[in-house]
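Let's take a friendly walk through a protein model together. Keep the sequence and the 3D view side by side as you read.

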Amino acid sequence: MTIQTGDPIPEVTLRIMTPAGDQPISTSELFTGFRVALFAVPGAFTPACSGIHLPGFIARHDRLKAAGIERVMCVAVNDIFVLNAWGEIHEVGDRILMVADGNADFTRAVGLDVDASGGGMGTRSRRYAMIVDNGRVEWLGVDKPRQVVESSADAVLEALGAKGGS
């Protein structure tokens with residue numbers, strides 16, 4: 001079952017890159033006490049993810065912060081080393097926390113996994129974004145395949161009552 005507005009974020013362990021290296025982190029550590037804009041991509045370095053989705057959140061980071069978001073996070077079913085390299089290439093710096101869900105534990109727990117075996121990618125995440133306030137889903141936008149509309153930074157800004165745009 002897909003996570004819904006009002007639901008708590010499930011407790012799973014993910015991975016982030018820190019100055020000390022690859023570190024496990026629980027979802028409660030990531031979400032408790034913060035208003036978070038989380039966006040999920042099917043895979044780092046894939047065309048829409050690299051060309052539209054991630055760049056949109058980078059470009060609108062300051063507007064998201066001004067609209068009350070304390071933490072912007074990107075999650076993908078990739079290992080942390082791939083996500084870290086992808087973040088470095090896109091120069092995300094400390095604007096976006098790159099979160100690895102290498103085993104798709106979080107993706108399955110929120111019910112937004114998809115079988116991409118036909119394209120040689122195995123289990124992946126659907127493309128979505130959510131606003132999470134202190135560990136509870138406040139808003140969720142899930143895209144249809146091959147689209148970046150409902151999960152775009154502009155959609156998140158609209159849900160926050162702020163204007164999107166370039």
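Q4 sits in the segment before strand β1 (13-18). Helices (H or I, at least four residues) and strands (E, at least two) are DSSP runs, numbered from the N terminus. With a relative accessible area of 43%, Q4 is partly exposed; the terms used here are buried for under 20% relative accessible area, exposed for over 50%, and partly exposed in between (1.4 Å probe, protein chains only). Although Q4 and M130 are 126 residues apart along the chain, their C-alpha atoms are separated by 9.9 Å.

## How to read this model

This is a predicted model, in which local features need pLDDT of at least 70 and side-chain atom pairs count only at pLDDT 80 or more, while totals for chains, interfaces and linings use all residues. Residues are numbered from 1 along each chain as its sequence is written, and side-chain values use heavy atoms, with hydrogens and water left out.

## The whole chain

The protein chain has 6 helices and 9 strands. Its radius of gyration is 14 Å, close to the 15 Å that the globule rule gives for 166 residues, so the chain is as compact as a globular protein of that length. Here the radius is taken over C-alpha atoms, and the rule is 2.2 Å times the number of residues to the power 0.38. Along the principal axes, the C-alpha atoms fill a box of roughly 40 × 35 × 30 Å.

Of the 166 residues, 47% count as buried. Contact means heavy atoms within 4.5 Å. Among contacts between residues at least 6 apart in sequence, 63% join residues at least 24 apart.

## Two nonpolar cores

A nonpolar core is a set of buried Ala, Val, Leu, Ile, Met, Phe, Trp, Tyr and Cys residues joined through side-chain atoms within 4.5 Å. The largest one has 28 residues, and F39, F57, W86, I96 and V156 have the most contacts inside it. Several elements each supply at least two residues of this core, including β3 (35-41), α2 (47-59) and α6 (153-159). Apart from it lies another core, of 21 residues, with I3, L14, L30 and V137 among them.

Which residues does F57 touch, leaving aside its neighbours within four places in sequence? Its contacts are F39, L64, V72, I96, A129, S151, S152, A153 and V156.

V137 belongs to strand β9 (residues 136-142) and counts as buried at 3% relative accessibility. Leaving aside neighbours within four places in sequence, V137 is in contact with I3, Q4, T5, G6, D7, I9, M130, I131 and V132. The C-alpha atoms of V137 and I89, 48 residues apart along the chain, are separated by 30 Å.

H61 is found in helix α3 (residues 61-66). Is H61 buried or exposed? At 8% relative accessibility, H61 counts as buried. Setting aside neighbours within four places in sequence, H61 is in contact with V72 and R95.

## Two positive phi angles

Most residues other than glycine have a negative phi. F45 is not a glycine, yet its phi is positive, about 70°. F45 lies in the loop between β3 and α2 and counts as partly exposed at 43% relative accessibility.

R146 is not a glycine either, and it has a positive phi of about 65°. Look for R146 in the loop between β9 and α6, where it counts as exposed at 84% relative accessibility.
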